[in-house]
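Biologist: I have a chain on screen and a list of terms to learn. Can we go through them one by one?

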Amino acid sequence: MAPQALHPVTTVLEQCHVSPSPAPVAEQPRTLPLTFFDLAFWGLPPVQRLFFYDNADLLEVSDFTLGELPKLKDSLAAALHHFYPLAGKLTCQLAEGVAPPEVVFAHGDSVPLTVAVSGDDFEYLAGDHARDTTRLHPLLPALRRHGGGGSRSQEQDVLAVQVTVFPRAGICIGTTLHHAVADGSSYAHFLRTWAAIHRLGKKAAAAVMDAPPLFDRAAVRDDAGLRDAFLRDHRALADGGLDGWDLSRRHRPGEVVLATFRFTDKQLRALGRHVESETSARCSPYALACGAAWAGIVHARARNGDPDAARFGFVTGCKPRARPPIPASYFGNCLGLCRVDEAASNERGLTAAAASAAIWRAIEELAEEGRALRDARGWVRSVREYASARAVTVAGSPKLRLYAAADLGGAWGRPRKVEIASVERTGALALAESGRDGDGGIEVGVALPRAEMEGFRAFYIDLFDRLG
């Protein structure tokens, strides 16, 4: 295939397909119906992540394509042997009388892999500063849709991967995953498996890999009939689309920027003492980082003449909260949707202390038996409502430990930077564990229009200047 221009400085070198190797055993299920947990995320933009790896010794593209690329393909194929549904197709029809959406795997199915080379500035793209999100787009693979007749029409890829080489700088691995197929925990399970095989080889990796993924949908009980209720809600809302999630469509190209703000352990301890003195709440680091970021976004919007309803939404893991509990190795979505509709404010608007305390109270309520699923029947409509209200939501979690999960070993090691690039479309906060500097803490990625980003940065700097 001749090189194909993706972007003024990015060119596709190869487009291929990677199938599970060896093929999954015959006893493994070939069809995975979507559960109500999966359907809660149906229609949302796919989750797109970028992993930047430093390697200044990578002098030429051929150094990578001839040396490292075959190993990367082989390890991906071996990981897909365990996670073969990721190579399948997702049926996309919701009409009445049509079989509900499901993941279908057939012999020969594969994950599309794009290999590209970029002349863009690796240091700029992998930085923490505010970056033009349009310069990240060429690093992100798309999920193909498949039409035509027959029983498998109206289908979509589940996962796509792209590897972009930056000569004399490093590589970037981009993944695009349909959110209705897997949550962050299942994605991290796959990523750890792929990286372990690449780092150690198939035989050595087997000794350190997690338990194999569990695909049995019987692990998710649905005594309340939530799956059918969610399907009805999606059908009723289908004509409206989900444009409310797409922040990038509301602004001119290049207006939305993505920046990373680091909340070190020291900063979080100082913030925690402040919140406790103001509210008496002893918050977790997660609640503190989210609260400060939520307050910062509300402040930035108000400063730019865009008052906000100050709503906040986050997710909680439901595997241990389900009855009976769902095994940790279960593959799919298993998240509960939680909302914080109000937080105390004063003449300065929503403060970091009030926001953190409100989030922490919502987290504490989850300890109550059955609380995580109490309002589940309204999840589908709640997602639409929160999108329309431009609520602040959360993507990712420090608990996923993606920096460690993505350790490729050899010349690559751990990534220098992990991004959830899809927050450009959703407006969510992108959370991860701090991946470098050894100072612990939490990274928060924020995608905002440029003027709002300036207001957010000013709020962040002022907050920690006052806390010392």
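Biologist: Where does Arg168 lie?

Modeller: Arg168 lies in the loop between β11 (159-166) and β12 (170-177). Strands here are DSSP runs of E with at least two residues, and helices are runs of H or I with at least four; both are numbered from the N terminus. A word on the source: this is a predicted model, where local features need pLDDT of at least 70, side-chain atom pairs count only at pLDDT 80 or more, and totals for chains, interfaces and linings use all residues. Residues are numbered from 1 along each chain as its sequence is written, and side-chain values use heavy atoms, with hydrogens and water left out.

Biologist: Why is Arg168 called exposed?

Modeller: Exposed means over 50% relative accessible area, buried means under 20%, and partly exposed is in between (1.4 Å probe, protein chains only). Arg168 has a relative accessible area of 51%, so Arg168 is exposed.

Biologist: What is the phi of Arg168?

Modeller: Phi of Arg168 is near 65 degrees. That is a positive value in a residue other than glycine. Arg390 is also listed, with phi near 55 degrees. Arg390 sits in the loop between α10 and β18 (394-396).

Biologist: How do you know that Thr316 counts as buried?

Modeller: Its relative accessibility is 9%, so Thr316 counts as buried. Thr316 lies in strand β14.

Biologist: What makes the link between the side chains of Thr316 and Arg321 a polar contact?

Modeller: A polar contact is a pair of N or O atoms within 3.5 Å. Within protein, one atom must be able to donate a hydrogen and the other to accept it. Residues adjacent in sequence count only if both atoms are side-chain atoms. The pair in Thr316 and Arg321 is at 2.5 Å.

Biologist: Which residues does Thr316 touch, not counting residues up to four places away in sequence?

Modeller: Contact means heavy atoms within 4.5 Å. By that rule Thr316 touches Arg321, Cys334, Leu335, Gly336, Cys338, Leu366 and Ala372.

Biologist: Is Trp412 buried or exposed?

Modeller: Buried: Trp412 has 7% relative accessibility. Its place is in the loop between α11 (402-405) and β19 (417-420). Leaving aside neighbours within four places in sequence, Trp412 is in contact with residues including Tyr53, Phe64, Ile171 and His198.

Biologist: And why is Thr35 called buried?

Modeller: Thr35 has a relative accessible area of 7%, so Thr35 is buried. Thr35 is in the loop between β3 and α1 (36-39). Beyond four places in sequence, the contacts of Thr35 are Arg217, Val220, Arg227, Tyr330 and Asn333.

Biologist: What makes Val12 buried?

Modeller: A relative accessible area of 3% makes Val12 buried. Val12 lies in strand β2. Val12 and Val117 are 105 residues apart along the chain, and their C-alpha atoms are separated by 6.5 Å.

Biologist: Why are α7 and α9 called roughly perpendicular?

Modeller: Start with the axes. They are lines fitted to C-alpha atoms, for helices over the stretch in contact, and angles run from 0 to 180 degrees between N-to-C directions. Angles under 35 degrees count as roughly parallel, over 145 as roughly antiparallel, 65 to 115 as roughly perpendicular and the rest as oblique. Helix α7 (residues 265-279) and helix α9 (residues 352-365) pack at about 85 degrees, with axes 9 Å apart. Therefore α7 and α9 are roughly perpendicular to each other.

Biologist: Which residues make the contact of α7 and α9?

Modeller: From α7 come Leu271, His274, Val275, Glu278 and Thr279, and from α9 Ala352, Ala353, Ser356 and Ala357. They divide into 5 nonpolar, 3 polar and 1 charged. Ala, Val, Leu, Ile, Met, Phe, Trp, Tyr, Cys and Pro count as nonpolar, Asp, Glu, Lys and Arg as charged, and the others, Gly among them, as polar.

Biologist: Which residues have the most contacts inside the largest nonpolar core?

Modeller: A nonpolar core is a set of buried Ala, Val, Leu, Ile, Met, Phe, Trp, Tyr and Cys residues joined through side-chain atoms within 4.5 Å. The largest has 135 residues, and those with the most contacts inside it are Ile173, Trp294, Phe312 and Phe314. Helix α8 (residues 285-303) gives the largest share of this core, 12 residues. Apart from this core lies another, of 21 residues, among them Leu50 and Phe52.
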